[in-house]
Amino acid sequence: MKRIIISILLVISLLGLSSCKETPKTLVKMELLHQPTKLIYIVNQDTQLDLRGGYLLFTYSNNETAEIPLSLIDGDPSFVMSDNVDFGNIGTYLVEIVRMGDLKVSFEVEVQEPPYQDNNPITIGIYNDETRVLLSETSGIFKNEVDVGVYSAFASREEKLPSGYFQKVWPTYWDAIEGSVDYKLGYELSFTLSSGEKIDQMILSPKDTAPIFDLIEVYIYDDVNQPLNHWYSHLLEKQMTEKTVITSIKLHGCAGTKDIVSPIILTVFTYNGDEDFDPITHKYRGIGSYSITINKSN
C-alpha cells in the first residue's frame with residue numbers, strides 16, 4: 001500500500017512540473033523602432049557609423065516584444081550590418097541590418113560637405129575709376145556705343161582714395177591684408193529687361209561676358225600687373241593666369257542696352273575657392289562683397 005501511494009505522488013509531481021514548463025518562443029519579426037540620432041556625416045571627418053539613439057523592436061511567437069538599442073548589436077555575431085558607407089565621398093548610403101538571414105531593417109545616412117564658413121579677411125569697395133570716390137549709387141547712359149561707366153575695386157571702404165598710378169596705389173591696400181594673396185576678384189551683374197526677364201550674370205573671366213554681350217558689353221581689366229606708362233587693353237581669355245587680378249570693369253552700351261529697364265546692380269566679390277560658391281546655384285555665397293546701383297540717366 002505504501003508503494004502505491006508513493007507512485008501516485010510521483011506521477012502527480014511529474015504532471016505538475018510538465019504543466020509549469022514555459023512554451024519555447026522564437027523571434028518572428030524585427031522592426032526599426034527609432035533611427036539613430038546621427039544620420040548626417042561629414043566627408044573626410046567622420047569615419048564610422050554612430051548607432052546611438054536607434055532602437056530595434058523584436059516581436060516573438062508568443063506576442064511578447066522587446067526594445068533593443070542598436071548600439072548593442074555592434075559586434076554581435078547574430079547580426080550582419082552592411083558596411084558600404086564611404087566616408088570619403090559625398091552621397092546617400094543605405095545601412096541594412098540582417099538577423100537570422102530573413103529578418104531585415106534599413107535606414108539611410110548622408111555623407112555631406114562640411115558646413116560652409118567664410119573667414120574672408122578682405123573689405124572690398126567699388127570706386128569711380130577716374131575720381132577714386134567710393135560709390136554706392138551712381139548713374140550712366142544706357143545707349144548704344146556709349147560707356148555706362150568704368151568701375152574699379154579696391155580693398156577699402158574709405159570715401160576717397162589717393163590718386164596716382166593704379167599699380168602703386170592698389171597694392172598698398174590689398175597687400176596690407178594678411179592672406180589676400182590667396183584671393184581673387186569676381187563680379188556679378190543683375191538687371192531686368194523690358195520683357196520681364198531677370199538677368200544675373202557672374203563674371204570670373206572674359207568668357208563669362210559672352211552670355212550678356214548683346215545686352216551690355218562688359219570689359220574687364222587687370223590694372224595691377226601692367227608696366228608703368230604702358231598702354232594696355234581689356235583682358236582676353238587666353239591672357240588669364242593664376243596671377244591675373246580683375247581690378248576694373250567697364251560697361252559699354254550696345255544695341256540691346258535699350259531693353260534694360262531697371263537699374264544695373266554691380267557687385268564685386270572676393271573668393272579663394274569653389275567653396276565660396278553655392279554648389280546648386282553656383283552663385284557667390286561669401287561675406288566679401290560690395291554692391292552699387294547704376295541708375296539709367298537717359
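**Entry 1: overall form**

I looked up the radius of gyration, taken over C-alpha atoms: the protein has 36 Å, whereas a compact globule of 298 residues would have a value near 19 Å. The globule rule is 2.2 Å times the number of residues to the power 0.38. I then read the extent of the C-alpha trace, which spans about 135 × 45 × 35 Å along its principal axes.

I note that this is a predicted model, in which local features need pLDDT of at least 70 and side-chain atom pairs count only at pLDDT 80 or more, while totals for chains, interfaces and linings use all residues. Residues are numbered from 1 along each chain as its sequence is written, and side-chain values use heavy atoms, with hydrogens and water left out.

I recorded two helices and 16 strands for the protein. Helices (H or I, at least four residues) and strands (E, at least two) are DSSP runs, numbered from the N terminus. Buried residues make up 41% of the 298 residues; buried means under 20% relative accessible area, exposed over 50%, and partly exposed in between, with a 1.4 Å probe and protein chains only. Of the contacts between residues at least 6 apart in sequence, 64% join residues at least 24 apart, where contact means heavy atoms within 4.5 Å.

I traced an open sheet of four strands in the order 2-7-6-5, with mixed pairing. Two strands pair if DSSP finds at least two bridges between them. Strand 2 and strand 5 (79–81) are the edge strands, each pairing on one side only. From one strand to the next the twist averages 25 degrees; axes are lines fitted to C-alpha atoms, for helices over the stretch in contact, and angles run from 0 to 180 degrees between N-to-C directions.

In which sense does strand 2 pair with strand 7? Strand 2 (residues 40–42) and strand 7 are parallel, over three bridges. Here I found Ile40 opposite Glu110, and Val111 as the bridge partner of Tyr41. Strand 6 (residues 91–99), by contrast, pairs with strand 7 in the antiparallel sense over nine bridges, and Leu94 stands opposite Glu108. Strands 6 and 7 form a hairpin with three residues between them, and Met100 in the turn has a positive phi of about 60 degrees.

I compared the two faces of strand 7 (residues 103–112). Leu103, Val105, Phe107, Val109 and Val111 form the covered face, while Lys104, Ser106, Glu108, Glu110 and Gln112 form the uncovered one.

**Entry 2: Val98**

I selected Val98, which lies in strand 6. Is Val98 buried or exposed? It counts as buried because its relative accessibility is 14%. Not counting residues up to four places away in sequence, Val98 touches Ser78, Phe79, Val80, Leu103 and Lys104. Val98 and Ser78 are 20 residues apart along the chain, with their C-alpha atoms separated by 8.5 Å.

I turned to another open sheet of four strands, with the order 8-10-14-13 and antiparallel pairing. Strand 8 (125–128) and strand 13 (217–221) each have a single partner strand, so one side of each is left without a neighbour in the sheet. Strand 13 and strand 14 (residues 248–252) pair over five bridges, and Tyr219 stands opposite Lys250 in strand 14.

Helix 2 (residues 166–174) packs on this sheet, touching strand 10 (147–154) and strand 14, and its direction makes about 50 degrees with that of strand 10. How many of the nine residues of helix 2 are buried? Seven are: Phe166, Gln167, Val169, Trp170, Pro171, Tyr173 and Trp174. Their cover includes strand 10, strand 11 (184–192), strand 14 and strand 15 (264–271).

**Entry 3: nonpolar cores**

I looked up the largest nonpolar core, which has 45 residues; Tyr151 and Leu251 touch the most other members. Such a core is a set of buried Ala, Val, Leu, Ile, Met, Phe, Trp, Tyr and Cys residues joined through side-chain atoms within 4.5 Å. Helix 2 supplies the largest share of this core, five residues. Leaving aside neighbours within four places in sequence, the contacts of Leu251 include Tyr151, Leu189, Ile216, Val218, Ile264 and Ile294. A second, separate core of 22 residues includes Leu49, Val95, Ile97 and Phe107.
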